[in-house]
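This report is written for a reader who is meeting the structure for the first time. Please look over the sequence and the model before reading on.

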Protein chains: 2
Amino acid sequence: MNPIEVTIGIDIGGTNTVLGFVSHDGQCLASASMPTWSQEPAKKYFIRLHEKIEETIGSLSVNVVVKGIGIGAPNANYFHGTVESPPNLKWEGVTHVVDILHQYYDCPIAITNDANAAAIGEMVFGSGKGLKHFVVITLGTGLGSGIIVDGKLLYGADGFAGEIGHTIVDPAGRVCGCGRNGCLETYVSANGIRRTVAEMICNSTKPSELRKVSFEECTSKLIYEAAMRGDTIALEAFAFTGEILGMKLADTVAHLSPEAIILFGGLASAGKLIFEPTSNSLERHLLGIFKNKVKILPSGLPEGNSAVIGASALIWHEIDRVI
Amino acid sequence: MNPIEVTIGIDIGGTNTVLGFVSHDGQCLASASMPTWSQEPAKKYFIRLHEKIEETIGSLSVNVVVKGIGIGAPNANYFHGTVESPPNLKWEGVTHVVDILHQYYDCPIAITNDANAAAIGEMVFGSGKGLKHFVVITLGTGLGSGIIVDGKLLYGADGFAGEIGHTIVDPAGRVCGCGRNGCLETYVSANGIRRTVAEMICNSTKPSELRKVSFEECTSKLIYEAAMRGDTIALEAFAFTGEILGMKLADTVAHLSPEAIILFGGLASAGKLIFEPTSNSLERHLLGIFKNKVKILPSGLPEGNSAVIGASALIWHEIDRVI
């Protein structure tokens, strides 16, 4: 049997690194994961990563040809092939990820941040198929974004375009990890919604099962489950989160005039609870000429492997452009 | 002598229409203007415009070859070659400007809104020469913007991208002509700064020569002159205007990561009074990775003819791309 052409998608997260072998039609043939070990120096990490890739190739039941490696990582710079001072890892200074992996693999290798990888994944395999202008919002611990303009990822002057999570909701608002105040991700993200719950618990006297839960234990999953049981504070927290997101996305539309905005990641799996208030708020805040034009869509990538498929799409997209 | 190749730049404003014959090196060889007459039907307007163009060609002291016609107009759609319900004109519904002018002229004709024309003008002949990623903010009665990504104007899905004047500063803020509240242009524009003066006159007890002036008489030129004489309210109004503009431009940078932002139009000619607070506020509000990277530049187009040269550049830019 002919070998199957695959690209390797690698998602480097603060806790785990996941890799997968993805075929040209977006099927993840096999995946594996290893702990990232945030205290480990980059050099040792990539020795382990190489071993893990080889181990996984060895365990495949089919023959594959690796056409390239795509990587999604925090603070990645596509132009330079680097990761610069990632917030949750002890990799010092600038790590030349693409150069390091080229010591092991003689194939196209590209890296970008995880939200950009998600955007390219949606364009190649997901809800962005056939669209030329769209924005992907990734709702994880923080809020990331990837912007597609005219069928291409928007990198801007220095490769760092698409930081919608750090647009400002309120310059005197919540302290953000970036050192400023009132960034969108302090309101709209897994961490943002639990800050909202804490604020609502403080400001209102409404009963809520979440009053029994500490801030650290109060995950977005737990808030979702409480909302599904009809908990008022949890429901109001989702409504508020969507209200803020929709308002700021109206600014995004005023800049970019996209066809669609795709919500991706943990918080987006709350479905109607987050999509409905976001969509209502967006429409209410949009300039007239944009009203009823911009779709809010869920991710079209398979839930478990979306990050890996996104990273792999970085290479498939480049191969397809050359063909 | 060989005839000189020119494009005709036409700037359709609410009060006046200005046209000019612009050579390939950006020189305006001759210009003319006529009243727009906002109550006149579009059909009659374009008969007058054609006559004005022919009259101006007849008066030229050199022979010219017209290579194309570029038009800047409010609510113009580049994709459709139309103007749709312009706010200050009585042109009903959709006016097919490009089709109408093709009845008279057999050459490339393109139309876009005035801020997009300014952006292309800066790219071809002005401060954007050599830049790939920048934003032009036009500070007139309102606030317009044109966005250049990768050396091309960003039109978005429907041709209406770049409405930064209608991003939201405060959803409960000043009523905007667009029917919403708190749009950037209600704070940052010739009209915005006089609303700020009115607010400051109300909220403070500081003496100001502007207390003697009615709202309608209080032009941005008058505020500028008062500021140059040291008037506290006028100075504070400029500082506030720059503060708000810088804060919102930080959001623009977070989306687009441009190399520069060019301030264009009446209010920008206040120089340091507007550039300094804008630049300070932008730097203070920028996400770390963008700090000290984005230049705030004045327009590089000659003041009197900037709109006409911008409109003409729409065609020169297309001719240059084809060559």
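**Confidence**

The model is predicted. For the complex, the predictor gives an ipTM of 0.92 and a pTM of 0.93. Chain A has an average pLDDT of 94, and 99% of its residues score at least 70. Where pLDDT is low, the predicted coordinates should not be read in detail.

**Overall form of chain A**

Chain A contains eight helices and 13 strands. Its C-alpha atoms fill a box of roughly 65 × 45 × 40 Å along the principal axes. How does the radius of gyration of chain A agree with that of a compact globule? A compact globule of 323 residues would have a value near 20 Å, and chain A has 20 Å, so the two agree. Of the 323 residues in chain A, 53% are buried. Among the contacts in chain A between residues at least 6 apart in sequence, 64% join residues at least 24 apart.

**How the two chains are related**

Two copies of a chain are related by a rotation about an axis and a shift along it. The same surface serves both copies, as 100% of the contact residues of chain B recur in chain A.

The contact takes 34 residues from chain B and 34 residues from chain A. On the side of chain B that touches chain A, strand E10 (143–149) and helix H6 (232–256) each supply at least two residues. The largest share of that side comes from H6(B), with seven residues.

Helix H6 of chain A covers residues 232–256. With 25 residues at 1.5 Å a residue, H6(A) should span 36 Å, and its end C-alpha atoms are 36 Å apart, so the span agrees. H6(A) is mostly covered, with 21 of its 25 residues buried.

Helix H4 of chain A covers residues 190–203. H4(A) has 14 residues and reaches 20 Å from its first C-alpha to its last, close to the 20 Å expected. Its buried residues include A:Asn191, A:Gly192, A:Ile193 and A:Arg194, along with A:Thr196 and A:Val197. What covers the buried residues of H4(A) includes helix H5 (220–228) and H6 of chain A.

**Strands of chain B**

Strands of a sheet pair through backbone hydrogen bonds, either parallel or antiparallel. Strand E1 (residues 4–12) of chain B is mostly covered, with seven of its nine residues buried. E1(B) and E2(B) form a hairpin with three residues between them.

| Strands | Sense | Bridges |
|---|---|---|
| E1(B) and E2(B), residues 16–23 | antiparallel | seven bridges |
| E1(B) and E4(B), residues 64–72 | parallel | eight bridges |
| E6(B), residues 82–84, and E7(B) | antiparallel | two bridges |

B:Ile12 stands opposite B:Thr17 in E2(B), while B:Thr7 has B:Gly68 in E4(B) as its bridge partner.

In chain B, three strands form an open sheet in the order E5-E6-E7, with antiparallel pairing. Its edge strands are E5 (76–77) and E7 (94–95) of chain B, each of which pairs on one side only. The bridge partner of B:Glu84 in E7(B) is B:Val94.

Most residues other than glycine have a negative phi, and most peptide bonds are trans. A:Ser257 counts as buried because it has 24 C-beta neighbours inside 10 Å.

B:Asn75 is not a glycine either, and its phi is positive, about 55°. B:Asn75 lies in the loop between E4 and E5 of chain B. Is B:Asn75 buried or partly exposed? With 19 C-beta neighbours inside 10 Å, B:Asn75 counts as partly exposed, because a residue is buried if 20 or more such neighbours lie within that distance.

Note on methods:
Residues are numbered from 1 along each chain as its sequence is written. Chains are lettered from A and ligands numbered from 1 in the order in which they are written. This is a predicted model: local features need pLDDT of at least 70, side-chain atom pairs count only at pLDDT 80 or more; totals for chains, interfaces and linings use all residues. Helices (H or I, at least four residues) and strands (E, at least two) are DSSP runs, numbered from the N terminus. The radius of gyration is taken over C-alpha atoms; the globule rule is 2.2 Å times the number of residues to the power 0.38. A residue is buried if 20 or more other C-beta atoms lie within 10 Å of its own, exposed if 12 or fewer, and partly exposed in between; C-beta atoms are placed from the backbone. Two residues are in contact if their C-beta atoms, placed from the backbone, lie within 7 Å. Two strands pair if DSSP finds at least two bridges between them. pLDDT is the predictor's confidence in each residue, from 0 to 100. The expected span of a helix is 1.5 Å times one less than its number of residues.
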